[in-house]
Amino acid sequence: MGRMKVLVTGFDGQLGKCTQKQVRECRELSFFFSSRENLDITNKELINGLFFKEKFDFVINCAAYTNVEQAEKEPKKAFLVNAEGVKNLAEVCKNYNTTLIHISTDYVFDGSKNTPYTEEDNPNPINEYGKSKLAGEQYIQDILVEHFIIRTSWLYSQFGKNFYKTVLEKSDTEKKLTITTGEVGTPTNANDLAKFLLYIISVKSKKYGLYHFSNLGSATWYDFAKEILSLSGKLEQINLEKADNYPTFAERPKYSVLDKTKIKVIFSKTSIDWKKSLKNLRNDF
């Protein structure tokens, strides 16, 4: 029997790149990395053709429309990728008996709770991005039994465009940074998420369903920025100021910490504290 074949969509995004970085540990798996340029998930015929040729065992879907602000202005584009594209993947996965691992978001919640959100809590997204991601989740649940939907939050890494990299870049050119304290969530190192996704595949898990995965603890964006600057040795050089609210076009949940009890019980894999994981990333450079 040959090595299991794994398709990773959205390879050009930060999670796709983190996944590629981790695959050196997975010699028993064969990977096919695709970007939007060579596999547009909104084109079902294209997906079908690739599956017919390659016969994948697993798909990790990192392809997504992730611009929360722009999604308010062009919701059809967000829904095309995050809902219709995901539906295409789910239908093709069903036809080829392929397990789909799909990445979703804390933004499916409205933020009205003040305790961590569990998988049983009712989603109620308050922006178009969250609505489009929830629609994608629902398509998968309706179409495909063999699926893992992994909700995560505040992803950052050494790749792509994210809050971590933005704070570091701005600290090189600006003396003052104003960061909001109006939202509470959990910064999550995309490398940790990538490791977990590959773990699911390596153990050939059939414990399908919806899970929450993030690093541990909680923070405001101000707390996150302060820790980034502290670890990089730049905190003393920057005037870091708090803002109750930072004006954005899209409404965002005020509280979106995810409860990780289910994933810990099912997989016995413990995530690590967000501060420790951030330190680990700094040490990797």
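**Ala 243**

I began with Ala 243 and noted that this residue is buried, at a relative accessible area of 12%, where buried stands for under 20% relative accessible area, exposed for over 50% and partly exposed for what lies in between, with a 1.4 Å probe and protein chains only. I work here on a predicted model, in which local features need pLDDT of at least 70 and side-chain atom pairs count only at pLDDT 80 or more, while totals for chains, interfaces and linings use all residues. I number residues from 1 along each chain as its sequence is written, and side-chain values use heavy atoms, with hydrogens and water left out.

I placed Ala 243 in strand S12, residues 239-243; helices (H or I, at least four residues) and strands (E, at least two) are DSSP runs numbered from the N terminus. Not counting residues up to four places away in sequence, I found that Ala 243 touches Thr 178, Ile 179, Thr 180, Thr 181 and Gly 182, contact being heavy atoms within 4.5 Å. I also looked up Tyr 255, which is 12 residues from Ala 243 along the chain, and the C-alpha atoms of the two are separated by 16 Å.

**H6 and H8**

I then turned to helix H6 (residues 163-173) and helix H8 (residues 221-231), whose axes come within 10 Å and cross at roughly 60 degrees; axes are lines fitted to C-alpha atoms, for helices over the stretch in contact, and angles run from 0 to 180 degrees between N-to-C directions. H6 and H8 are therefore oblique to each other, given that angles under 35 degrees count as roughly parallel, over 145 as roughly antiparallel, 65 to 115 as roughly perpendicular and the rest as oblique. I recorded the crossing of H6 and H8 as right-handed, the term for a near helix turned clockwise from the far one by less than a right angle, with anticlockwise giving left-handed.

On the H6 side the contact is made by Phe 163, Tyr 164, Val 167, Leu 168 and Ser 171, and on the H8 side by Trp 221, Phe 224, Ala 225, Ile 228 and Leu 229. Within H8, I listed Trp 221, Tyr 222, Phe 224, Ala 225, Glu 227, Ile 228 and Leu 229 as buried, and after H8 comes Gly 233, with a positive phi near 75 degrees.

**H1 and H7**

I looked next at helix H1 (residues 14-22) and helix H7 (residues 190-202), whose axes come within 8 Å and cross at roughly 60 degrees, which makes H1 oblique to H7. The crossing of H1 and H7 is right-handed, and among the residues that make the contact are Leu 15 and Cys 18 of H1 and Leu 193, Ala 194 and Leu 197 of H7. By class, I have seven nonpolar, four polar and two charged residues in the contact of H1 with H7.

How values were computed:
Nonpolar A, V, L, I, M, F, W, Y, C, P; charged D, E, K, R; others polar.
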